[in-house]
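Please keep the sequence and the model at hand while reading.

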Amino acid sequence: MPTNDSVKKPFFTPRVVARLAILVALSVVGAFVKLPSPTGTVALDSAPAFLAGAAFSPLQGSIVGIIGHLITSLTAGFPLGLPVHLLVAAEMGVFVWVFGYLYRNVNAWVAVVVGVLLNGVFGAAIMIFIGGPGMFAALVLPLTVGSAVNILVAVVAERALVAAGLARRSKRAEKRQQQAV
């Protein structure tokens, strides 16, 4: 007879599906809060993704980040074309996963710095291959500012969820906190 420790829970439990649906809905709302940029796709859509990565799991954050970017691009009419936005959505999935992993396993502020650099600078750098150095120059500032705003909103929201008992810190963060006391 298997013990409770050896039984794997499915990833898509009703609770996780409901949580993802709510966070994607918040991404849709954030998609309409645009920040000035040449493409019109820099928005507050990724804050729920970064929140999910920090508060729940990097994978959940990635799912919300991918869908959130596609919705934001859709609201702007896919200005760079669907293939480019599919690439950027995949990139967002990776960036949010890295942020969530660092947030939950290393340090919140390390995750913030790496997340802003990945999404703002590296995200703009990928555009060099598509639109040349001019596109990078035009996107780096709005993407970096947008990344910082989204990530800081996510950190504040994660801390509020933890304080309210609606999310738990990772086991490593809890262990570090106990050692500090």
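The model is predicted: local features need pLDDT of at least 70, side-chain atom pairs count only at pLDDT 80 or more, and totals for chains, interfaces and linings use all residues. Residues are numbered from 1 along each chain as its sequence is written, and side-chain values use heavy atoms, with hydrogens and water left out.

**Pocket and cavity**

Rolling a probe the size of a water molecule over the atoms shows where empty space is left. On a 1 Å grid over the protein atoms alone, a cavity is a set of points where a 1.4 Å probe fits but cannot get out, and a pocket is an open set with protein on both sides within 12 Å along at least five of seven lines; lining residues have an atom within 4 Å of a point. Grid points are joined across faces, edges and corners, and a volume is the space filled by probe spheres set on the points.

The largest pocket has a volume of about 700 Å³. Its lining consists of 20 residues, and Arg19, Ala55, Phe56, Arg104 and Arg168 lie nearest the centre. Helices H1 (14-31), H2 (47-55) and H3 (58-75) each supply at least two residues of this lining, with the largest share, four residues, coming from H1. Helices here are DSSP runs (H or I, at least four residues), numbered from the N terminus. By class, the pocket lining has 11 nonpolar, three polar and six charged residues. Ala, Val, Leu, Ile, Met, Phe, Trp, Tyr, Cys and Pro count as nonpolar, Asp, Glu, Lys and Arg as charged, and the others, Gly among them, as polar.

One cavity of 30 Å³ or more is found in a search of the whole structure. The largest cavity holds about 300 Å³ of space. Around the largest cavity are 23 lining residues, of which Thr41, His69, Val88, Asn119 and Leu143 lie nearest its centre. H3, H4 (82-105), H5 (108-126) and H6 (128-164) are the elements that give two or more residues to this lining. H6 gives the most, with five residues. The cavity lining divides into nine nonpolar, 12 polar and two charged residues.

**Helix packing**

Two packed helices are described by the angle between their axes and the distance between the axes. Axes are lines fitted to C-alpha atoms, for helices over the stretch in contact, and angles run from 0 to 180 degrees between N-to-C directions.

| Pair | Angle between axes | Distance between axes |
|---|---|---|
| H4 and H5 | roughly 165° | within 8 Å |
| H1 and H3 | about 35° | 9 Å |
| H2 and H3 | about 170° | 6 Å |

Angles over 145 degrees count as roughly antiparallel. H4 and H5 are therefore roughly antiparallel to each other, and their crossing is right-handed (the near helix is turned clockwise from the far one by less than a right angle). Contact means heavy atoms within 4.5 Å. Among the residues in this contact are Phe95 and Phe99 of H4 and Val112 and Phe122 of H5. The contact of H4 with H5 divides into 14 nonpolar, three polar and one charged residues.

H1 also passes H3 in a right-handed crossing. Residues that meet there include Arg19 and Leu23 in H1 and Ile63 and Ile67 in H3. The contact of H1 with H3 has 10 nonpolar, five polar and one charged residues.

H2 and H3 are therefore roughly antiparallel to each other. Pro48, Ala49, Ala52 and Gly53 in H2 meet Pro58, Gln60, Gly61, Val64 and Gly65 in H3. That contact comprises five nonpolar, four polar and no charged residues.

Notes:
Parallel < 35°, antiparallel > 145°, perpendicular 65-115°, else oblique.
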